[in-house]
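Here are my notes for your first look at this one. Have the structure open as you read.

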Amino acid sequence: MSSSTLGAPALERLVAAAVAAPSLHNTQPWRFRFDAGTRTVRIHAAADRALRHTDPVGRAVHLSVGCAVLNLRIAAAHFGWEPVTRLLPCPDRPALLATVRLAESVRGGPSTGLYEAVWRRHSSRFPFSGRPLPSDVLAELTEAAHLEGAVLRFPGYDDTDRVLRATWEAEWRNRADSDRAAESRRLVRAPHCRSLGLASAALGPQDTLDRMPMRDFGAHRHSEVLPARAFETHPTLALLSTAHDRRTDWLRAGQALERVLLLATRRGVRASLLHQTMEWPDLRRVLGGLPAHGPRGHAQMVIRLGYGPEGLASPRRSVEEAMEGEM
Ligand SMILES: Cc1cc2nc3c(=O)[nH]c(=O)nc-3n(C[C@H](O)[C@H](O)[C@H](O)COP(=O)(O)O)c2cc1C
């Protein structure tokens, strides 16, 4: 790819990388626009794709868009551009969440090897082996989150138990909340809608031991939809948090989340997300206080990590559908 001009195929590749990012219930709540004059990709929140019951303040929209921004940055650097990112660049346009300008790269940046992981990363909701992650991998993942301005902690045995219990509480509340359950069910049961929804095969089983609070996505535990299997009894959970809780922090947390997930993919580590607690402010505060004697933070995501089957790909909207205006 030329480093001075950007043709349609190159732009297509950059946006496709962004679209491969994870998002709450695979809503893909983003819209891209390219300004050829300034060689800038603008990333907007797509209001029509937000989940107003599950994510009333839009925190998860920002997290999801943050993931897409990280992928775009990784792809831009891979093709020899220097991505210059601004978060919330226009106070009078709140839906414009970020811009990424493709500047000339003064030096060929070192390859992080994360670009390939953009295409290979999928949520794996299957049981993991229980084999612990090596300490150097834990340290690398922690550093990856730190690079993007977030904190990644690995709770000990007791705190892991607390996280699981809070997640179960949130999961039960979600199932009991008719608006949220309907919202979730609508997305899973939209097979006719290629652009939206999770592939039901990608949902994975539920835990026979009822220890791992895997998300039910409104399927209500019909065994033919969500068969049960035994999950790891000592899961490796990581808690991603930020020092503050502003919209920019949510966008940073998204970028940190995606950097952690890409690095995990590169190291052969599978991951799935447990976001239920983040959807109930009181439970989210409980997680922000872990560990009890550490500094308080704002919890942004619980990540389950381990070794096990690769996740299955979920559908995505096409680049054309995600772009506003001409490519
Ligand atoms: C903010 C956010 C919250 C999410 N919450 C959950 C969750 O609670 N449970 C889950 O299994 N996956 C969760 N996911 C993962 C999405 O369901 C997943 O990214 C999406 O279905 C696309 O699939 P992929 O990750 O395999 O590309 C979440 C993702 C994001 C960005």
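**Notes on the ligand shell and the sheet**

1. Helix H2 gives the most to the shell around the ligand, with four residues. Helices here are DSSP runs of H or I with at least four residues, and strands are E runs of at least two, numbered from the N terminus. Keep in mind that this is a predicted model: local features need pLDDT of at least 70, side-chain atom pairs count only at pLDDT 80 or more, and totals for chains, interfaces and linings use all residues. Residues are numbered from 1 along each chain as its sequence is written.

2. There are 21 residues around the ligand, and Pro22, Asn26, His122, Ser123 and His275 come nearest (a residue is near if its C-beta atom, placed from the backbone, lies within 6 Å). The elements giving two or more residues to this shell are helix H2 (59-78) and strand E9 (270-274).

3. Both domain 1 (8-118) and domain 2 (135-306) supply at least three residues to the shell; the bounds come from an automatic or database domain assignment.

4. Look at strand E8 (residues 236-242) and strand E10 (residues 298-306), which pair in the antiparallel sense over seven bridges. Alanine 238 has isoleucine 303 in E10 as its bridge partner.

Technical notes. Two strands pair if DSSP finds at least two bridges between them.
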